[in-house]
Every structure is written in structure tokens, then in C-alpha cells.
There are 2 protein chains.
Amino acid sequence: MPWEKSFEESDVVEQAMEVFWQKGYAATSISDITDATGIKRGSLYNAFDGKHDLFVRGLLKYGSDRRTSKLRMLETVDDPREAIGMFFDSLVKATLNDPDKKGCLLFNTALEYPSHDDDVKKLVNDGIKEVVTFFEGRISHGKESGIIPDSVETRPAARALIALVVGIRVLGRGAFGKTALQQVAQQAIDLIS
Amino acid sequence: MPWEKSFEESDVVEQAMEVFWQKGYAATSISDITDATGIKRGSLYNAFDGKHDLFVRGLLKYGSDRRTSKLRMLETVDDPREAIGMFFDSLVKATLNDPDKKGCLLFNTALEYPSHDDDVKKLVNDGIKEVVTFFEGRISHGKESGIIPDSVETRPAARALIALVVGIRVLGRGAFGKTALQQVAQQAIDLIS
DNA sequence: CACCGTTTTGACCAATCAGTCAAAATGATG
DNA sequence: CATCATTTTGACTGATTGGTCAAAACGGTG
């Protein structure tokens, strides 16, 4: 049916994103993507602007599908510390459950810095900021309701939490096993207790 | 003087390492290295086995020049918490002072995972382990001398500290500025107080 | 000054890179 | 069934990749 595309763009973006996730941007070739999607070279360039465009779309999809939706869900949890605890739990679980040990696309991208344009860096920073804001919101909410002690400083604690998230994601790629990751997650909770 | 090399191998390794550090392994070409060192292509292959070999040597040099020597120095500091504080201080300083925002070669490499062989992964893990061991040593020493409270669990705390180190190094590449990094470093110290 | 072992040099290789493009294929529309 | 807008296809581009190699350059040695 050549008068309309034979594939769903978002499917291709999703599959391409997973290749980028696994191999990194610089190490991923267009051929890798055509192999993974089955889409022929020309069709891909007919639908997208190129490698960079495809990557940006993948990054956006990653953000909304995995990060934003999860944060919205956790914001409905009453106990703020439990919400943060659940965040770290699922983080550790996701890290352990991934046989490819891909880590987090956002942080992987942050470390491929010079390969990327400013628009990509902004996407990464915005994604990180989104999580920090979530932490800040939960912490200040917890302090208001007396669940989290006033001695916890909201912004510094939130920033330390995201730093621990990064640490878990990076170290989970090989250096740390289950026990170590869980211990770090526990220390994160202790930080706001 | 063609019967002996006209360049110092370790100089070339150092310069090549800095290119890898800045651009990442996958994104660095042999031409980048010959440009940076002035060494011609053939000479480089005469002295080294290839890109991978050069990278491994750079990683080793990075470890001994920057990590190991610093840890040995800090182990001579009497107060263990001050030693750890100094570690984080110089970490934040190094991060802020680097105009290229290259981060840490060790962690950058950890996130370029699938581009690397097992020997590189082992080098990364050993480097990380070395820092964790340093933290554990300092914490347990501090607990013995009563400077660090017994309520601090040595291994989990040490692992949380290295996670924060990773966080500082990664977030320092763009997402976090001076204040944020210093706050995270302070939270690290609070963790063992 | 001829010889020798080593280093230097730049041309060269096949493979792969991101991206282009014209021709073929397609099915709705009249 | 012819036309049409669109997609599909794979061959193609020039550039770059990591790596090779034979010849030239060199200075110590006899």
C-alpha cells in the first residue's frame, strides 16, 4: 500500500531507540537500524531526517514512555518516602532484570557528550531535572506531613538522590551486583530519614 | 635516529588517552590520535598493537597517575572523614575546573560497555573496586577511632559513596553546576556522620 | 664508506560510514 | 484500465574507518 506507509513510525523509533540504547549513538550505524527494523535504507530516510533525528525521537519516546509516566504514577502514592522507595526499588529491579545491562539511555547519552548537539544535551538535562523536581516535591511534601524530618534539606537531598540514581544505573552495568545495588538504594532512603 | 624511537611511548599513550577521554572510544579515530600526537600512522602501528591496545594502556596510565596515587596520598591523612572529605573536594574541584567537561575516563568507559572487550571491563571494575576499598578502609578506621559513629554500616556506606562519586562525575558533565555538586558532596559526608 | 637493524613515512587496502536518488511498485481514484 | 501521489527498493556516492606494507631515511658499527 504505497500511498501510505507500511510501518508505524513510532514502532521504528522504538526499535531504533533500543539499538541506540544498547550500542550507544556513535557505535550505532544506519545499517544496524535497518537490520533491527527491517526497514530499508531509503524508506528510513524517506520517513526520518537521518541518524540524529531518529535518535532525538527515540530519546523523547524513552522519556515519556518510561520516565514521565512512572513519575506521574508515583506521585499518586500517599507516603512520599514510600514513593521514593518504590522509585529506587523499581530502579534496582529494572537494572537487575536487564540481561543486556544497557543502563539508562539518558545517562548513557550524558556520557557520550561530545558526539551530541546542544538539543540532545538539553533533552538530557531536562530529563534529569524532571526527576530532581519529583524528588524535591516528594521530600517537601513529606516534611510538611511530618513523615520526613525537618533536618533533611530538600534541594541538597534531592540532588544527592539523583546522584545515587546515576550511580546505581552506571555501577549496575557491571561493577555492582544485586546486594550492592540494594544497599545503595537503602542508603538513599536513609538519606531522607 | 631511526635505530631507536623518536618519541616517548608514555607521552603518546598520555596524549591518546586524553583524546579517548574527550571523545569516547568509539568516536575516536586513529586519525584523531595521529593528529593529536603528530605521530604518523605507520609509526603508531609500529609501536602499538592498534586502537584497542592504545586505549587499554591509556586506561592503565589514567588509573595509576590519577586514581591510585591520590588514594595513597589520602590514606596518610589522619582523620578518615577528612580524608574522604578531601577526596570529594578534589573531585568537585576537578569536575568544575575541566573546561571540556570530560568527566571521569573510568565511568565514561563503563558506559561505553558494548564497545569494549572483557579485559577493559575488568580494568574498569578493578578501578571502581579500588575506590570502594579505600572508602571501606577509611570508614572502618574512623569507626575504630570513634570519629565515625558505629551506626554507619561500612560496606553499604562505602558503596553509596562511590555511587555519589559516579553521580558527581556524570552530572558534572552538564546537568549540575558548582552549588549542586558541592551539595551532593556535603550529603556524602553527612552519610558517614 | 658499506652494511645493518630499526624507525619513519605515506601510499594503499577492503570495509564501512551516513546519506542520496532514480526507477520500480503499489493501490486508491476517476 | 489509465493516472497519480506516494512509498519502496537497492544501487550508488564520496568520505572515513582501522589496519597494512614496502620503500625510504637514519645513525651506529665494522
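B:Asp150 counts as exposed, because 9 C-beta neighbours lie inside 10 Å of it, and a residue is classed as exposed when 12 or fewer such atoms are found within that distance. The model in which this residue is seen is a predicted one. B:Asp150 belongs to the loop that runs between helix H7 (118-144) and helix H8 (154-171) of chain B.

In chain A, the loop between helix H5 (80-97) and H6 holds A:Lys101. Although A:Lys101 is not a glycine, its phi is positive, at about 50°. A:Lys101 counts as partly exposed because it has 13 C-beta neighbours inside 10 Å; the class of partly exposed residues lies between the limit of 12 or fewer for exposed residues and that of 20 or more for buried ones.

The corresponding description can be given for chain B. There, B:Lys101 is placed in the loop between helix H5 (80-97) and helix H6 (105-110). The phi of B:Lys101 is near 50°, again a positive value in a residue other than glycine. With 13 C-beta neighbours inside 10 Å, B:Lys101 is likewise counted as partly exposed.

The contact between the chains can now be considered. It involves 40 residues of chain A and 40 residues of chain B. On the side of chain A that touches chain B, the elements that give two or more residues are helix H1 (9-23), helix H6 (105-110), helix H7 (118-144), helix H8 (154-171) and helix H9 (178-191) of chain A. H8(A) provides the largest share of that side, with 13 residues. By residue type, the side of chain A that touches chain B divides into 22 nonpolar, eleven polar and seven charged residues.

Which surface does each copy use? Of the interface residues of chain A, 100% are also interface residues in chain B, so the copies meet through the same surface.

Conventions
Residues are numbered from 1 along each chain as its sequence is written. Chains are lettered from A and ligands numbered from 1 in the order in which they are written. This is a predicted model: local features need pLDDT of at least 70, side-chain atom pairs count only at pLDDT 80 or more; totals for chains, interfaces and linings use all residues. Two residues are in contact if their C-beta atoms, placed from the backbone, lie within 7 Å. Helices (H or I, at least four residues) and strands (E, at least two) are DSSP runs, numbered from the N terminus. Ala, Val, Leu, Ile, Met, Phe, Trp, Tyr, Cys and Pro count as nonpolar, Asp, Glu, Lys and Arg as charged, and the others, Gly among them, as polar.
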